[in-house]
Amino acid sequence: MQKNWFCLGMMSGTSGDGVDTSIIKTNGIDQYELIQDKYFEYDSDIYKDIHILKDKIHKIGDLKSFNNELNILERKLTIFHAEVIKQLNLNDETIIGFHGQTIFHDSNERISRQLGNGDLLNKLVKKTIVFDFRRNDILNGGEGAPLTPIFHQLICTQKKIKLPVCFLNIGGISNITIVKNLKDTTELFSRDIGPGNCLIDSWVRKNSKKKFDKDGKFALSGTKNQIIFEQAQELYSNRKNKEKKSFDTNDFDISFVRGLNLEDGAATLTDFTASIVSEKLSLYLKKYNQPVKEILLCGGGRKNKVLIKKIKNYLPTNINLKLIDEYQIDGDFIESQAFAFLAIRSLLRLPISFPSTTGCESPSLGGKLIKN
């Protein structure tokens, strides 16, 4: 009989606003049970430090230049995660899946830096820690992301979702997973397809006291600048490295809307984001003989009603957008649940990424293990 493990998955997204936590019970293979989801917001100092550093780090050399600041922030973040763990009253056997805070990701250079000290966390909470999930994939020729597809496949099994189906996760970056088969990992397809919330969030942070455009209200009250929008589309279509499977927020910038007011900038960036996401979605969905007609929306961006409406308007009319929440799964916590599942797979020495998901040469094992 397969053993079931308790695991706490901790995910800090590219929005850098806090930590999503999920406790699950799973055998790491074909079943899981959700115990609890909970969100913990970063304090204002950590939030500010993350975004100041992200604005400074644009290339590999910057990691060295700002090494001291990164180490200070990494320690703060690790202590924050430890305090969260202590609040959750976990049983003694619970494993910790510790994603950390992504500060820099460059798939071309095969580097992905997540801030989070697994050794320190282990000392602070006296629990087995799994962290540094992307390294093995990168060493195996992959881009280090996306890593959630095998969990999406498990969701389809657990919730009896009709296949083929497409998951669209809109976090800071937008990524998709297409599941065609409940067993065969070689048929999983996944990749990042463009910006998600990152452009809109960045614009709102720089031009208001808000962290994001809640429900798309700024965009709704603004007017898209058609000339700037078309110029931005042309620049994006002519960019280098079009075949990347994974993006960083550094792959996009908001300079093209400089000079617009808050609302018009939000409207233009929202439309720009929707146009890229829908174009790439349409492109990949067309590649399948058996048509994918349902798209399950996950991540914080699914709550931006204006963004979702614009994506839908750009897509063919036969495509149905549906909230993952309709399957009794909170769409805010898919990735924290996923990293709990990936931690147990790592513990069991089972692969977490595949050639069809990250571009790795062969199925890759998961994170680094520090036993208690």
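In this predicted model, Lys-56 and Glu-69 form a salt bridge (a side-chain nitrogen of Lys or Arg within 4 Å of a carboxyl oxygen of Asp or Glu), with N to O at 3.1 Å. Lys-56 lies in helix α1 (residues 44-56) and Glu-69 in helix α3 (residues 67-87), so the contact ties together parts 13 residues apart in sequence. Helices are DSSP runs of H or I with at least four residues, and strands are runs of E with at least two. Lys-56 is partly exposed at 31% relative accessible area. Glu-69 is partly exposed at 34%. Buried means under 20%, exposed over 50%, and partly exposed in between (1.4 Å probe, protein chains only).

The structure holds 15 salt bridges. One of them pairs Glu-74 with Arg-113 at 4.0 Å, N to O. This pair links helix α3 to strand β5 (residues 111-115), 39 residues apart. Glu-74 is buried, at 13% relative accessibility.

Asp-330 bridges to Arg-302, with the closest N and O atoms 3.6 Å apart. Asp-330 sits in the loop between β11 (320-323) and α12 (334-347), and Arg-302 in the loop between β10 (294-298) and α11 (305-314). Asp-330 is partly exposed at 31%, whereas Arg-302 is buried at 9%. Shared partners join Arg-302, Lys-303, Asp-325, Asp-330 and Asp-332 into one salt-bridge network.

Residues are numbered from 1 along each chain as its sequence is written. Local features need pLDDT of at least 70, side-chain atom pairs count only at pLDDT 80 or more, totals for chains, interfaces and linings use all residues, and side-chain values use heavy atoms, without hydrogens and water.
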